[in-house]
Amino acid sequence: MSEYNLALALGGGGVRCMAHVGVFKALEEQGIKPDLIVGSSIGSVVGGVYAYKNDTEFLNRFALKFSNNPVVNTIERSLTTNPKSLISKVTSFFSFGLGFVYAFWNQGFISERLVKRAYKDVVGKGVLSSRQFYLENSTIPFAALATDIISGSAVIITKGDIPKAMYASSAMPGVCKPADYMDIHLMDGGIISILPIMAAHILGAKKIIAIDTEAEIKGFRYNNALEALDIGSTIRGYRWNILERSLADMVISPPGIKGYDWYRFSKASVCMDAGYSVITERINEIKEITGGSSDKGKQDLRVLLEKFYPYSII
């Protein structure tokens, strides 16, 4: 098993994960480079792009294009529509009903093929067709966290096709179809860990800085069934996240973004700015962590909890 002095654990949360773009930019300006990056859910998309290219300008362009992709825009429009008139409510009801039937028969609204097409729109239509992008070739060691829906174990993906790993890590139940990755049926890593601190530890990280982009709990406020399911998922994730946050050497929560629903990608630039600002404000604390020795108490606690965290590494 390799050892990494400093790992960055990137939390999930849809558009809130765009804060990671600002985080990388601010860290790069300060000359701080992680030895390992681990991402969960959409955190794996942002982290994977940066780990492969190690280029914040490219990551910024990717994030903005991804957020403005027609597929992403359609999801946001459909989930944020709040019809007022009777006719629009009836139309919305039948549209939602047809969408639900489609999702029921097809295991989700979005497939891996659809997501790969979105990647092509971002990086260039000929790029993904003409070459493969493998995690093993990343400039910075990278892993994506996903959930084995057969065993319920965490799956830490360290090799294989990057877009495929990104999709597996961010395949949200009810929205995306499960991913078949090396004969394992995978879904969103946020089911296991919205903040992949244990995964970074298991891979050999001595010091872990976690970027927490978890949603706030909104309570009894929702407009449709998908939002109701999202509330339940948020509460479940919050309970485990309380424990996992305590295992990090440092937790950074970009302010002002936790109230955004995961699908509000029109807020991408705001989230990116929040990530940049919080790193700038806490840079002295970060330098103390990166330049100091590892916290043995945190390490011992992470080791103790491994037996309660079933996992596999592929």
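Good morning. I shall begin with Met182, which sits in the loop between strand S5, residues 179–181, and strand S6, residues 184–188. The model I am presenting is a predicted one.

For orientation, most residues other than glycine have a negative phi. Met182 counts as partly exposed, because its relative accessibility is 43%. In the loop between S5 and S6 we also find Asp183. Asp183 has a positive phi of about 70 degrees, and it is not a glycine either. With a relative accessible area of 79%, Asp183 is exposed.

Let me now turn to the chain as a whole. The protein chain contains 13 helices and nine strands. It has 314 residues, of which 49% count as buried. Among contacts with a separation of 6 or more, 78% are between residues 24 or more positions apart.

My next subject is a pair of strands. Strand S1, residues 4–10, and strand S2 run parallel and are joined by four bridges. Is S2, residues 36–40, enclosed or open? Five of its five residues are buried, so S2 is largely enclosed by the rest of the structure. In a regular strand, side chains alternate between the two faces of the sheet. In S2, Leu36, Val38 and Ser40 point one way, while Ile37 and Gly39 point the other way, and all of them are buried.

I come now to the helices, starting with H1, residues 19–29. H1 is mostly covered, with eight of its 11 residues buried. Those buried residues are Ala19, His20, Val21, Gly22, Val23, Phe24, Ala26 and Leu27. After H1 comes Gly31, whose phi is positive, near 75 degrees.

How are packed helices described? Two numbers are used: the angle between the axes and the distance between the axes. For H1 and H3, the axes come within 10 Å and cross at roughly 165 degrees. H1 and H3 are therefore roughly antiparallel to each other, since an angle over 145 degrees counts as such. Their crossing is left-handed. On the H1 side, the contact is made by Val21, Phe24, Lys25 and Glu28; on the H3 side, by Thr56, Leu59, Asn60 and Ala63. Sorted by class, this contact has four nonpolar, two polar and two charged residues.

H3, residues 56–67, also packs against helix H11, residues 268–281. Here the angle is about 150 degrees, and the axes are 10 Å apart. That angle makes H3 roughly antiparallel to H11. Which residues make the contact? From H3 they are Asn60, Ala63, Leu64 and Ser67, and from H11 they are Ala268, Ser269 and Met272. By class, the contact of H3 with H11 has four nonpolar, three polar and no charged residues.

Finally, consider Ser266, in the loop between strand S8, 250–252, and H11. Is Ser266 buried or exposed? Ser266 is exposed, as its relative accessible area is 54%. Ser266 and Val72 are 194 residues apart in sequence, and their C-alpha atoms are 9.5 Å apart in space.

Thank you for your attention.

Terms used:
Residues numbered from 1 in each chain as written. Predicted model: local features only at pLDDT ≥ 70, side-chain atom pairs only at ≥ 80, totals over all residues. Heavy atoms only, no water. Axes fitted to C-alpha atoms, helices over the stretch in contact; angles between N-to-C directions. Helix = DSSP H or I, 4+ residues; strand = E, 2+ residues; numbered from the N terminus. Parallel < 35°, antiparallel > 145°, perpendicular 65-115°, else oblique. Contact = heavy atoms within 4.5 Å. Nonpolar A, V, L, I, M, F, W, Y, C, P; charged D, E, K, R; others polar. Left-handed = near helix turned anticlockwise from the far one by under 90°. Buried < 20%, exposed > 50% of the residue type's maximum accessible area, 1.4 Å probe, protein only. Pairing = 2+ DSSP bridges.
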